[in-house]
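Dear colleague,

Please find below a protein structure that I am handing over to you, together with its sequence. I would be grateful if you would look it over before reading the notes.

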Amino acid sequence: MPDIINILPDSVANQIAAGEVVDRPASAVKELLENALDAGATKIQLIVKDAGRTLIQVIDNGCGMSDCDARLCFERHATSKIHKADDLFAIHTMGFRGEALASIAAIAQVELKSKMHDSELGTQVVIEGSDIKEQCSCSCSNGTSIAVKNLFYNVPARRNFLKKDSIELSHIEEIFRRVALINYNIDYTFHHNGKLLYDLHGGNFMERIAQMYGQNYQERFYPVNESTDVVKVYGFVSKPEYARKSRGEQYLFVNHRFIKHPALNAAVEKAYTDLIPDHYYPSYFLHLEVDPSRIDINIHPTKTEVKFIDESALFTIVRAATKRALGQFGLATELEFNPIQEVDFPPAPKGYVPQQPQVHYNPDYDPFKSSSKAGMGNIVTSQPRGGQWTSFFDLKKEDTAPEPTQQTTLTEMQTENKVPPSQPQPCLQLMGSYIVSTMPSGLLVIDQQAAHERIIYDRLMSHESNAAAQQLLFPVNCQFSPADADIFSELIPDLQKQGFEIGALGQTTFVVSATPAEIKDSELQQLFDQILTEYKGIMMQKFSDRRQCLCRSLARQMSVKAGTLLQQAEMQQLIADLFCCPIPHVSPSGKKTMAIIPPEKLLN
Ligand code: ADP
Ligand code: MG
């Protein structure tokens with residue numbers, strides 16, 4: 001039998017490789033833009049015609065190439081970025097495979113012009129289907145221009161597979177955005193069919209985002225900034241109220257490279273649990289700086305998929321960083337609680353002797369003697385942070401009365417300077433459902449049910465409620481269908497943490513001997529039925545954490561309902577408690593709890 005194995009000519013091998021690296025115009029754009037970045041360019045122009053079918057040109061002001069390199073760069077495995085296998089583990093550049101230009105030159109007509117900064121003349125190379133047609137000296141500006149004409153001219157099958165121009169252009173735009181977003185210090189222009197689509201000037205990350213998506217993006221995001229031994233995470237995550245029904249702008253970058261990483265994307269989304277409604281998604285632009293030896297970007301030819309050695313640590317850090325940004329800024333920027341700079345202490349008068357701060361307390365105060373609150377169904381009584389706001393302030397007034405002394409105290413100076421006291425403001429209830437009050441920054445409107453849900457949920461999740469359990473005089477039996485009884489058994493340990501005492505009485509009956517103080521024993525069966533229905537619904541959706549589910553549905557059941565009339569003190573208590581929550585502005589199920597209307601918007 002004759003020998004049948006052939007070594008494929010380079011041009012065919014390159015065409016095959018091209019199938020992996022360049023499957024549509026957008027991938028050629030990506031390779032060219034990345035090469036320009038690797039060449040240290042500070043200005044990059046992208047010029048495209050007919051969605052990349054007839055022309056893709058990238059012009060940069062980077063380091064340029066020597067005559068020899070300008071020819072060699074079209075050879076397969078020709079790269080200046082690695083020299084030995086070890087270099088693969090310390091890659092700081094976008095390219096390293098030395099495949100892109102060889103692949104592009106195999107399936108298009110390419111014209112390269114390049115000049116190094118210290119050379120008088122540049123060099124021009126024309127190559128077509130891997131054949132060098134021409135190389136000569138030319139005069140050109142510093143840097144490199146590569147024009148890719150008639151992509152897939154010799155691969156009709158692939159050309160025929162291209163989608164219509166609008167789709168191919170949108171792919172190119174997406175690639176352009178991915179590159180330009182994270183290389184925000186570089187100037188870019190992008191022309192399509194002679195029309196200027198983007199004209200971007202180097203700046204910081206947020207400036208670039210705003211240049212690309214509009215200035216109003218600045219208000220829609222919170223900054224993230226977290227530095228650990230494993231990774232430095234920085235960027236922006238959207239405020240919960242700007243979550244969308246589809247996964248829109250979700251950009252994750254590693255070492256200045258856009259990546260797809262479902263687990264890390266999930267880490268960001270996970271941080272929004274309880275903050276946005278189900279089936280809504282946050283937007284984010286996050287950059288992870290990781291030691292290159294801790295990642296493998298070699299697993300995919302286009303290098304958008306990467307593997308991390310410290311994947312689980314990264315997951316935790318990314319989620320925590322996002323959560324922290326949401327909590328920290330969510331409170332600080334939305335509420336503008338008496339900003340510190342407004343407090344303007346006068347200089348101490350002559351003769352002022354500072355006093356040792358003293359702790360004043362009322363020895364007769366018994367927190368368990370607080371009076372019952374009818375409207376709220378006694379729900380907020382166990383909140384230790386706020387306590388009774390009104391009585392708290394009365395107590396404080398007495399306690400902080402200046403001691404009869406000749407010396408001027410700081411308290412007196414503050415009173416003289418009319419620093420506004422942080423007292424509870426009068427509240428008004430509207431339509432039995434909304435609480436209206438004032439804040440330094442405007443009119444405050446609160447959805448009482450959503451707000452109360454947030455307060456209870458946070459309390460339940462923080463284990464605080466154990467102390468509030470009360471023994472029932474007559475234990476109550478509750479009964480469920482066999483399927484529901486199974487689910488209910490699963491919930492018992494968590495219910496016990498919340499102050500319930502529950503024992504099994506046969507397969508489908510349970511006896512409840514203690515409940516949290518707020519719960520009426522006559523409504524137990526109804527409460528558990530509702531919890532089960534809710535719990536099943538929530539479990540079917542995105543939540544997998546049992547305790548979160550339970551607390552969410554308990555909070556919903558236990559919250560004061562719309563239509564319940566509230567007393568002045570109860571409303572003030574609710575506002576105080578709400579502002580003690582780390583994330584006060586949305587309920588655990590994602591509903592807005594409050595709006596602050598600034599004075600200038602009131603009559604507009
Ligand atoms: P890789 O980027 O993986 O090294 P490419 O085929 O994309 O492979 O490029 C081959 C080589 O050509 C690069 O390593 C680089 O030395 C050179 N090169 C490509 N584009 C440019 C450019 N715009 N400016 C300077 N050098 C370039
Ligand atoms: Mg490259």
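The notes below begin with the protein as a whole and then turn to individual helices and residues.

Please bear in mind that this is a predicted model. The protein has 604 residues, and 46% of them count as buried. Its secondary structure consists of 18 helices and 22 strands. Among contacts in the protein with a separation of 6 or more, 71% are between residues 24 or more positions apart. The accessible surface amounts to about 30,600 Å², and carbon and sulfur atoms hold 53% of that area.

Helix α2 runs over residues 25-38. Most of α2 is covered, with twelve of its 14 residues buried. Among these buried residues are Pro25, Val29, Leu32, Leu33 and Leu37, and also the residues Lys30, Glu31 and Glu34. Just after α2 comes glycine 40, which has a positive phi of about 80 degrees.

Alanine 51 has a positive phi of about 55 degrees although it is not a glycine. This alanine sits in the loop between β1 (43-49) and β2 (55-60). Alanine 51 has a relative accessibility of 1% and therefore counts as buried, the cut-off being under 20%. Phenylalanine 152, likewise not a glycine, has a positive phi of about 65 degrees. Its place is the loop between β6 (143-149) and α5 (156-161). Phenylalanine 152 is buried too, with a relative accessible area of 0%.

Leucine 286 belongs to strand β13, residues 284-290. With a relative accessible area of 0%, leucine 286 is buried. Leaving aside residues up to four places away in sequence, it touches Val224, Val233, Tyr234, Gly235, Phe236, Val237, Tyr251, Leu252, Phe253, Val268, Val318 and Thr322. One of these, tyrosine 234, is 52 residues away along the chain, yet the two C-alpha atoms are separated by 5.8 Å.

Valine 512 lies in strand β21, residues 509-516. Its relative accessible area is 1%, so valine 512 is buried. Beyond residues up to four places away in sequence, valine 512 touches Leu472, Pro475, Val476, Cys478, Glu501, Ile502, Leu524 and Phe528. Leucine 472 is 40 residues from valine 512 in sequence, and their C-alpha atoms are 8.1 Å apart.

Finally, I would draw your attention to a pair of helices. Helix α14 (residues 482-497) packs with helix α16 (residues 546-558) at an angle of about 65 degrees, and their axes are 10 Å apart. The crossing of α14 past α16 is right-handed. On the α14 side, the contact is made by Glu490, Leu491, Asp494, Leu495 and Lys497, while α16 contributes Arg546, Arg547, Leu550 and Leu554. By type, the residues of this contact comprise four nonpolar and five charged, with no polar ones.

Yours sincerely

Definitions and conventions
Residues are numbered from 1 along each chain as its sequence is written. Chains are lettered from A and ligands numbered from 1 in the order in which they are written. This is a predicted model: local features need pLDDT of at least 70, side-chain atom pairs count only at pLDDT 80 or more; totals for chains, interfaces and linings use all residues. Side-chain values use heavy atoms; hydrogens and water are left out. Axes are lines fitted to C-alpha atoms, for helices over the stretch in contact, and angles run from 0 to 180 degrees between N-to-C directions. Helices (H or I, at least four residues) and strands (E, at least two) are DSSP runs, numbered from the N terminus. A crossing is left-handed if the near helix is turned anticlockwise from the far one by less than a right angle, and right-handed if clockwise. Contact means heavy atoms within 4.5 Å. Ala, Val, Leu, Ile, Met, Phe, Trp, Tyr, Cys and Pro count as nonpolar, Asp, Glu, Lys and Arg as charged, and the others, Gly among them, as polar. Buried means under 20% relative accessible area, exposed over 50%, partly exposed in between (1.4 Å probe, protein chains only). Accessible areas come from the Shrake-Rupley method with a 1.4 Å probe; for residues, only the protein chains shown count as cover. The expected span of a helix is 1.5 Å times one less than its number of residues.
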